[in-house]
Amino acid sequence: GVMLNGVVLADPVFVQSLVKALGDVKLQDGKVLTGKSTAEYLLNTVYKDHALDDTDGVFSAVAKDCVNRLMKGEGARALASLAKNLPTLARYRHFNVYSFNKSLETVFTELGLTANVPRDSVKPQLGIYITEKNPSKVGWYIERSTTVKQTNCESSGPATYHVEYTLTNMLTEEEKEELSSYVTGDWGAYPDRGGSGMETIIFYPPA
């Protein structure tokens with residue numbers, strides 16, 4: 001029943017930047033998260049150190065700690081420290097903002113804080129969207145790389161390109177045996193596929 005003003009998207013890489021700006025976060029079990037270790041912990045290590053039912057509590061504790069310190073007057077200093085990193089965080093989709101106020105959204109878009117599909121025909125970009133078809137946390141172990149090659153170097157007219165996007169699963173058999181099915185994926189009747197990624201990849205062509 002509450003009308004939202006907008007949406008803020010923040011992933012563990014952004015949270016790590018926030019921890020770096022505010023200072024370390026100490027968890028209830030004594031684990032200390034720093035401006036260098038937070039993202040890896042929240043994306044992977046937490047699933048090794050805690051039972052599945054406890055992981056949401058860890059995420060909540062980190063978020064609560066950061067928000068509490070922001071509200072206690074440390075926010076101005078932290079935001080100043082974050083400000084210089086926001087363009088990069090937004091560019092790589094670690095932090096994005098959408099406002100339902102058209103005027104404010106225009107400002108966010110101009111600042112590069114709102115993620116969109118490629119729209120600039122003067123500076124063409126290719127968008128690559130990935131989504132998991134079998135929920136897991138295997139993404140941490142998948143390396144991604146892109147190569148772009150121009151295919152009509154000697155011809156006139158608009159340039160054409162070949163884009164190749166490669167996903168390489170770096171999860172070892174030894175690691176797979178030590179991880180829960182929540183991380184490796186529940187494959188039901190096909191348990192031998194555990195640790196595999198099933199991805200849909202969508203290419204958004206340049207404007």
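Predicted model: local features only at pLDDT ≥ 70, side-chain atom pairs only at ≥ 80, totals over all residues.
Q: Where do I start: how many helices and strands does the chain have?
A: Start with the inventory. The chain has seven helices and eight strands. Its C-alpha atoms fill a box of roughly 65 × 50 × 35 Å along the principal axes.

Q: What share of the 207 residues is buried?
A: Buried residues make up 28% of the chain.

Q: What share of the contacts joins residues at least 24 apart in sequence?
A: Take the contacts between residues at least 6 apart. Of these, 58% join residues at least 24 apart.

Q: Which residues touch the most other members of the largest nonpolar core?
A: That core has 27 residues. Those touching the most other members are Val 25, Leu 27, Leu 33, Tyr 41, Val 58 and Cys 66.

Q: What does Leu 33 contact, leaving aside neighbours within four places in sequence?
A: Leu 33 is in contact with Val 19, Asp 24, Val 25, Leu 27, Thr 38, Tyr 41 and Val 62, once those neighbours are set aside.

Q: Is Ser 17 buried or exposed?
A: Read the relative accessibility against the cut-off. Buried means under 20%. Ser 17 has 16%, so Ser 17 counts as buried. Ser 17 sits in helix α1. Beyond residues up to four places away in sequence, Ser 17 touches Leu 82 and Leu 89.

Q: How do I read aromatic pairs?
A: A pair of aromatic rings is described by the distance of the centres and the angle of the planes. A search of the whole structure finds three such pairs.

Q: Why is the pair of Phe 14 and Phe 95 called stacked?
A: The ring centres of Phe 14 and Phe 95 are 4.5 Å apart and the planes are at 15 degrees, so the pair is stacked. Planes under 30 degrees apart count as stacked. The pair links distant parts of the chain: Phe 14 is in helix α1 and Phe 95 is in strand β4, 81 residues apart. Phe 14 is buried, at 10% relative accessibility. Phe 95 is buried too, at 11%.

Q: What kind of pair do Tyr 47 and Phe 59 make?
A: Look at the angle again. The planes of Tyr 47 and Phe 59 are at 70 degrees and the centres 6.4 Å apart, so the pair is edge-to-face. Tyr 47 lies in helix α2 and Phe 59 in helix α3, so the pair ties together parts twelve residues apart in sequence. Tyr 47 is buried, at 13% relative accessibility. Phe 59 is partly exposed, with a relative accessible area of 27%.

Q: Which residues form an aromatic cluster with Tyr 47?
A: Tyr 47, Phe 59 and Tyr 182 form one aromatic cluster.

Q: How do I read charged pairs?
A: Side chains of opposite charge can pair when their charged atoms come close. The count here is two salt bridges.

Q: Where does Asp 65 sit relative to Arg 69?
A: Asp 65 and Arg 69 are four residues apart in helix α3, so about one helical turn separates them. Their side chains meet in a salt bridge, 2.7 Å from N to O. Asp 65 counts as partly exposed, at 25% relative accessibility. Arg 69 counts as buried, at 15%.

Q: Which residue forms a salt bridge with Lys 176?
A: The partner is Glu 173, with the closest N and O atoms 3.3 Å apart. Lys 176 and Glu 173 are three residues apart in helix α6, so about one helical turn separates them. Helix α6 covers residues 173-178.

Q: Is Lys 176 buried or exposed?
A: Lys 176 counts as buried, at 19% relative accessibility. Setting aside residues up to four places away in sequence, Lys 176 touches Leu 171, Thr 184, Asp 192, Gly 194 and Gly 195.

Q: Which residues make the nonpolar surface patch of about 490 Å²?
A: Val 2, Leu 4, Val 7, Leu 9 and Phe 100 make this patch. Val 2 is in the segment before β1 (6-10). At 72% relative accessibility, Val 2 counts as exposed.

Notes: Residues numbered from 1 in each chain as written. Heavy atoms only, no water. Helix = DSSP H or I, 4+ residues; strand = E, 2+ residues; numbered from the N terminus. Buried < 20%, exposed > 50% of the residue type's maximum accessible area, 1.4 Å probe, protein only. Contact = heavy atoms within 4.5 Å. Patch = residues over 30% accessible without salt bridge, like charges linked within 9 Å, V, L, I, M, F, W, Y side chains within 5 Å. Areas by Shrake-Rupley, 256 points an atom, 1.4 Å probe, with all protein chains shown as cover. Salt bridge = Lys/Arg side-chain N within 4 Å of Asp/Glu carboxyl O. Core = buried A, V, L, I, M, F, W, Y, C linked by side-chain atoms within 4.5 Å. Phe/Tyr/Trp six-rings, centres within 6.5 Å; stacked < 30°, edge-to-face > 60°.
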